[in-house]
Amino acid sequence: MQTLTVFSVGEDPRLRRIETSIHKKSDVRWLSDESFPDGIPNASEAGFTPLLFVVAVDDFGIDEDFVRMLRSIRVMGKDALQGCAAGVVLLGSTELDTKNAVRELIFALNLAGCAFPERPLVEATGSMRNLRVTMRTHALETLEDALAFSVEGLIERLLNFAPVRYPNPRLLVLHASDRPTSNTLALGDLVLDALDARFSVKTLSLRNGTIEDCRGCPYAVCSHYAEKGSCFYGGSISKEVIPAVQECDALLLLLPNYNDAVGANVTAFINRLTSLHISGGLSGQRLYAVVVSGYSGGDIVAKQAMGALCLNRSFLLPPHFCLMETANDPGEAVRLPGIRQRAASFAAQINRNLLADQL
Ligand SMILES: Cc1cc2nc3c(=O)[nH]c(=O)nc-3n(C[C@H](O)[C@H](O)[C@H](O)COP(=O)(O)O)c2cc1C
């Protein structure tokens with residue numbers, strides 16, 4: 001049995017049951033946050049080193065121990081966690097703070113080079129009502145059973161994590177920008193120029209045609225359309241964009257910062273992906289992003305994209321998934337000091353993660 005290293009932060013009455021679920025699935029080294037980062041095992045030759053973070057947030061949100069852990073991840077350096085893959089179990093004592101805490105943690109770990117498998121989060125809010133669908137779908141008796149079931153599933157995904165590599169990876173680039181002036185597109189081009197020639201790249205604009213946001217159809221209606229590879233609204237998202245997402249091995253989103261969020265067209269695209277999620281059409285696609293802010297806040301946009309696609313949907317999060325830059329005047333992005341080198345090392349990261357012959 002593979003050994004799983006668990007770092008636990010905070011106290012929660014549900015921890016005991018979770019511990020039992022984890023022990024059922026693997027050999028465990030259960031460490032407290034004080035053992036972080038010294039307790040991280042040396043990278044193994046074969047496959048990823050699995051790490052699990054079990055975090056409890058109380059009525060007042062994240063505490064000093066959690067912040068200390070976040071900071072120690074950030075000071076570890078850029079590649080300290082290359083070769084590691086992580087999952088997170090987040091227990092909240094109220095209905096607030098869980099998603100925010102997990103985004104901070106996953107973002108920090110990813111900046112240190114950590115990868116994440118499909119659906120890397122198990123979350124239990126104070127009431128555990130967020131687990132009702134899991135309980136119903138899997139005919140479980142209690143919400144506690146649903147939590148234990150979800151934890152066991154996460155451990156399995158983590159221990160079996162072996163993302164596929166390809167001789168000719170297919171990269172889908174999505175944007176919603178105006179080509180002649182966009183800093184985000186110019187930076188995207190720098191990255192694509194540095195990508196290995198064995199990639200096949202398809203670029204689609206989300207500005208083609210009218211984009212309708214998700215209508216929030218009932219589950220049965222959404223599934224009905226999804227089975228036919230469509231959606232209530234149809235249009236370019238259903239006909240062109242969603243099939244391209246289904247066919248790709250990795251998605252690269254080009255994201256200008258609009259009011260510290262992704263733009264409306266990208267939001268509509270993400271919401272419309274619900275049909276693909278419901279029909280099980282996502283199969284190990286990696287998520288990458290290039291974020292350009294005029295002034296500040298690129299990390300917020302990156303966390304939004306990561307949360308929507310890797311926590312709420314099932315994209316894989318590869319190490320260093322996002323290139324974040326600041327540029328406002330037209331043409332400024334490509335004139336930033338050192339930008340070609342940063343774009344090239346971001347492209348090299350994509351090459352390493354997807355090409356079959358890379359270690
Ligand atoms: C509607 C709108 C909202 C924006 N909001 C922000 C913001 O909140 N923070 C920021 O740093 N830049 C903001 N910007 C500036 C863009 O992020 C900036 O122009 C950047 O170069 C990316 O845009 P581009 O790819 O279109 O050039 C905003 C721009 C627009 C058009």
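Tutor: Start with a definition. The radius of gyration is taken over C-alpha atoms, and the globule rule is 2.2 Å times the number of residues to the power 0.38. Keep in mind that this is a predicted model.

Student: OK, so what radius of gyration does the protein have, and what would a compact globule have?

Tutor: The protein has 20 Å. A compact globule of 359 residues would be near 21 Å, so the two agree. Along the principal axes, the C-alpha trace spans about 55 × 50 × 40 Å.

Student: How many helices and strands?

Tutor: There are 12 helices and 10 strands.

Student: And how much of the protein counts as buried?

Tutor: 42% of the 359 residues.

Student: Switching to α11. Is that helix mostly covered or mostly open?

Tutor: Mostly covered: 10 of its 14 residues are buried. Among them are Val-301, Lys-303, Met-306 and Cys-310.

Student: What do those buried residues pack against?

Tutor: Helices α3 and α9, plus strands β5, β8, β9 and β10.

Student: Now α1 and α5. How do their axes cross?

Tutor: At roughly 35 degrees, and they come within 9 Å. The crossing is right-handed.

Student: Which residues meet there?

Tutor: From α1, Arg-17, Ile-18, Ser-21, Ile-22, Lys-24 and Lys-25. From α5, Glu-144, Ala-148, Val-151, Glu-152, Ile-155 and Glu-156.

Student: What's the split by class?

Tutor: The contact has 5 nonpolar, 1 polar and 6 charged residues.

Terms used
Residues are numbered from 1 along each chain as its sequence is written. This is a predicted model: local features need pLDDT of at least 70, side-chain atom pairs count only at pLDDT 80 or more; totals for chains, interfaces and linings use all residues. Axes are lines fitted to C-alpha atoms, for helices over the stretch in contact, and angles run from 0 to 180 degrees between N-to-C directions. Helices (H or I, at least four residues) and strands (E, at least two) are DSSP runs, numbered from the N terminus. A crossing is left-handed if the near helix is turned anticlockwise from the far one by less than a right angle, and right-handed if clockwise. Two residues are in contact if their C-beta atoms, placed from the backbone, lie within 7 Å. Ala, Val, Leu, Ile, Met, Phe, Trp, Tyr, Cys and Pro count as nonpolar, Asp, Glu, Lys and Arg as charged, and the others, Gly among them, as polar. A residue is buried if 20 or more other C-beta atoms lie within 10 Å of its own, exposed if 12 or fewer, and partly exposed in between; C-beta atoms are placed from the backbone.
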